Amino acid sequence: MEDFTFDVVIVGAGPAGIGAAVTASRSGKSVAVLDDNVDIGGQIWRGERTRPLTREAQHWFDEVRRARNVQWWCECAVLGVEGPKQLLVHDRSRQQLCRINYQSLILATGAVELFLPISGWTLPGVFGAGGLQALAKSGYSVCDKRVIVAGSGPLLLAVAAYLQSRGAQLMLVAEQAPWSRVYGYALHLLVYQYTKFRHGVSLRRTLRKTPYRVGCWPVRIRSTENGLQVIFTDGVKYFSESCDLLACGFGLVPNTELAQLIGCRLEQDRLVVNRRQESSISGVYGAGEVCGIAGVETALVEGQIAGYHAVGQDRTAQRLYRRRDRLRRFADRLQKSFALRDELRRVPEPDTIVCRCEDVTFDQVRDLGSCRAARLMARCGMGPCQGRVCGPALRFLFDWKDRSVRPPLLPTPAGVLCEEYVSDPRDSP
Amino acid sequence: MVTQEQQAVTEQTPSEDIDKVCLWVNGKPLHVARGVTVAAALLNARHLAWRRSVSNTPRGPFCGMGICFECCATVDGQERVRTCQVLCRDGMSVQLEESR
């Protein structure tokens with residue numbers, strides 16, 4: 001097995017990882033960025049390296065092209081921790097396992113979508129909200145498809161507008177938060193973050209022909225001859241809407257698996273970092289959504305701060321503190337606007353699948369009391385996704401917080417693991 | 001695995017359109033745009049689902065970013081590959097459990 005050594009290793013090539021890599025590389029130190037996806041950009045700039053959609057993305061991809069001393073390793077999954085300051089990485093593009101040594105590590109692992117179990121959510125044609133957008137950005141043509149976007153959060157409008165720009169016919173955007181909260185959010189943006197407010201208004205204008213219903217949520221999805229039928233409720237009345245594709249997501253949760261495996265302190269599912277963006281473990285930094293959902297602007301600033309500190313340029317980093325603190329304050333307040341309502345906990349029916357990998361139903365786990373018990377007694381979370389989908393759902397539904405993380409972080413063919421360990425004579429005992 | 005016969009066909013017709021690549025899906029050729037993921041290419045070919053869950057229900061892509069493992073298929077002989085995390089390459093063979 002091959003060994004590589006870099007001064008700074010960054011996990012995640014989204015805005016936070018890019019910000020960190022670009023700033024760290026200016027010091028002349030060697031930098032490597034590892035990402036599981038086929039290209040850099042993360043979810044928000046997926047597929048935009050060659051054709052950026054915003055001026056911000058354009059700027060940062062230009063910076064990426066100018067950055068020396070940076071190796072961008074895509075299709076690389078971090079499987080675990082091999083030793084102190086050493087990661088075990090599966091590089092799929094080179095079909096090999098390798099050890100990567102670092103002086104400083106920056107975790108820019110982003111977020112995953114929160115999916116909630118709804119009767120029928122396993123039907124073909126049902127996607128995550130960000131999920132359908134990601135697939136569209138990866139080349140799926142949604143042209144002329146009837147699409148419903150449902151769930152919660154500012155992402156819904158962005159997804160709907162994007163899909164419409166790709167030719168989809170938007171039937172409905174359904175937000176679970178009540179009007180008062182959504183107005184509060186808009187007002188907050190108007191007063192404190194005017195550019196974002198204008199962005200929101202322009203999204204809404206783009207979607208002027210699409211009904212935007214607030215305070216309603218999906219309770220059941222049926223497969224019909226004519227595509228999918230989605231049944232919504234506002235808590236009192238029910239209504240249904242038909243579509244070809246349903247994009248449904250209930251917000252984002254920080255992706256803290258690697259942080260957890262390394263042993264960094266977490267709080268409320270977020271990686272805890274100090275003003276330097278450093279975690280409870282010296283030399284391990286965090287930036288962006290992994291420290292709490294805050295959006296692309298925050299991720300970029302935090303990435304830069306972490307990048308500067310990781311190479312010892314503390315003065316330069318400190319200049320960005322005020323901006324970061326301001327953005328974080330707003331983010332924390334805005335998260336509350338889209339808090340999920342209690343009624344969503346009553347959406348799953350007894351036979352609704354909770355764990356999609358092992359087809360475990362709501363009824364089979366509801367009385368088990370913990371993720372651990374659900375795993376041991378019902379195989380919930382024991383499939384290939386390792387609880388990435390049902391873990392956050394169980395946390396919301398039952399407040400079970402004990403999702404376990406263990407290596408390998410992603411299922412890896414046994415052949416890859418064995419062959420690499422055996423075939424290299426240096427590794428033989 | 002791509003059979004020799006399949007290899008021969010793709011080698012004969014590689015440059016008809018440089019922006020296209022040819023996948024072999026369950027042994028049948030599928031011409032798709034260069035730069036799209038296998039999941040996107042299959043969805044465009046009107047497959048919404050190509051896997052069976054443990055209780056035998058049809059499943060297709062869901063999260064789009066490599067975490068849910070719903071879009072897995074056998075790619076170039078490698079089982080359980082997340083098709084949303086792989087770009088289409090010329091001559092790639094993709095084996096689906098089923099399609100509808």
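**Group meeting talk: a two-chain predicted model**

In chain B, residues 24 or more positions apart account for 42% of the contacts with a separation of 6 or more. Contact here means heavy atoms within 4.5 Å.

Some ground rules. This is a predicted model, where local features need pLDDT of at least 70 and side-chain atom pairs count only at pLDDT 80 or more, while totals for chains, interfaces and linings use all residues. Residues are numbered from 1 along each chain as its sequence is written, chains are lettered from A and ligands numbered from 1 in the order in which they are written, and side-chain values use heavy atoms, with hydrogens and water left out.

Let's stay with chain B. Chain B has 2 helices and 7 strands. Helices (H or I, at least four residues) and strands (E, at least two) are DSSP runs, numbered from the N terminus. Read from the N terminus, the order is α-β-β-α-β-β-β-β-β. How much of chain B is buried? Of its 100 residues, 52% are. Buried means under 20% relative accessible area, exposed means over 50%, and partly exposed is in between (1.4 Å probe, protein chains only). The accessible surface of chain B comes to about 4900 Å², and carbon and sulfur atoms hold 48% of that. Accessible areas come from the Shrake-Rupley method with a 1.4 Å probe; for residues, only the protein chains shown count as cover.

Now the inside. In soluble globular proteins, nonpolar side chains tend to be buried together. A nonpolar core is a set of buried Ala, Val, Leu, Ile, Met, Phe, Trp, Tyr and Cys residues joined through side-chain atoms within 4.5 Å. The largest one here has 62 residues. Which residues have the most contacts inside it? They are I148(A) and L246(A). Helix α13 of chain A, residues 390-398, gives the most to this core, with 5 residues. A second, separate core has 55 residues. Its members include L156(A), L170(A), V214(A) and, from chain B, V21(B).

Back to L246(A) for a moment. Setting aside neighbours within four places in sequence, L246(A) is in contact with G125(A), V126(A), F127(A), I148(A), A150(A), I221(A), L228(A) and V230(A).

Next, helix α4 of chain A, residues 155-165. Its buried residues are L156(A), L157(A), V159(A), A160(A), A161(A), Y162(A) and L163(A). What do they pack against? The list is α3 (129-137), β9 (146-151), β10, α6 (194-206), β11 (212-214) and β15 (245-249), in chain A. After α4(A) comes G167(A), with a positive phi near 95°.

S152(A) is in the loop between β9 and α4 of chain A. S152(A) counts as buried because its relative accessible area is 3%. Its side chain makes two links I want to show you. One joins the side chain of E175(A), at 2.8 Å. The other joins the side chain of Q176(A), at 2.9 Å. Each is a polar contact: a pair of N or O atoms within 3.5 Å, where within protein one must be able to donate a hydrogen and the other to accept it, and residues adjacent in sequence count only if both atoms are side-chain atoms.

And Q176(A) itself? Q176(A) lies in the loop between β10 (169-175) and α5 of chain A. Is Q176(A) buried or exposed? Q176(A) is buried, because its relative accessibility is 0%. Not counting residues up to four places away in sequence, Q176(A) touches residues including G151(A), G215(A), W217(A), F338(A) and R341(A).

L187(A), L190(A), V191(A), Y192(A) and Y194(A) make a nonpolar surface patch of about 500 Å². Patches are made of residues with over 30% relative accessible area and no salt bridge; like charges are joined within 9 Å, nonpolar side chains (Val, Leu, Ile, Met, Phe, Trp, Tyr) within 5 Å. A salt bridge is a side-chain nitrogen of Lys or Arg within 4 Å of a carboxyl oxygen of Asp or Glu. Helix α5 of chain A, residues 179-192, supplies the largest share, 4 residues. Y192(A) is in that helix. Y192(A) is partly exposed, at 40% relative accessible area.

Last, the backbone. Most residues other than glycine have a negative phi, and most peptide bonds are trans. R379(A) is not a glycine, yet its phi is positive, about 65°. R379(A) sits in the loop between α12 (371-378) and α13 of chain A. N26(B) also has a positive phi, near 50°. N26(B) lies between β1 (20-25) and β2 (28-33) of chain B. Finally, the peptide bond from P407(A) to P408(A) is cis, with omega near -10°.
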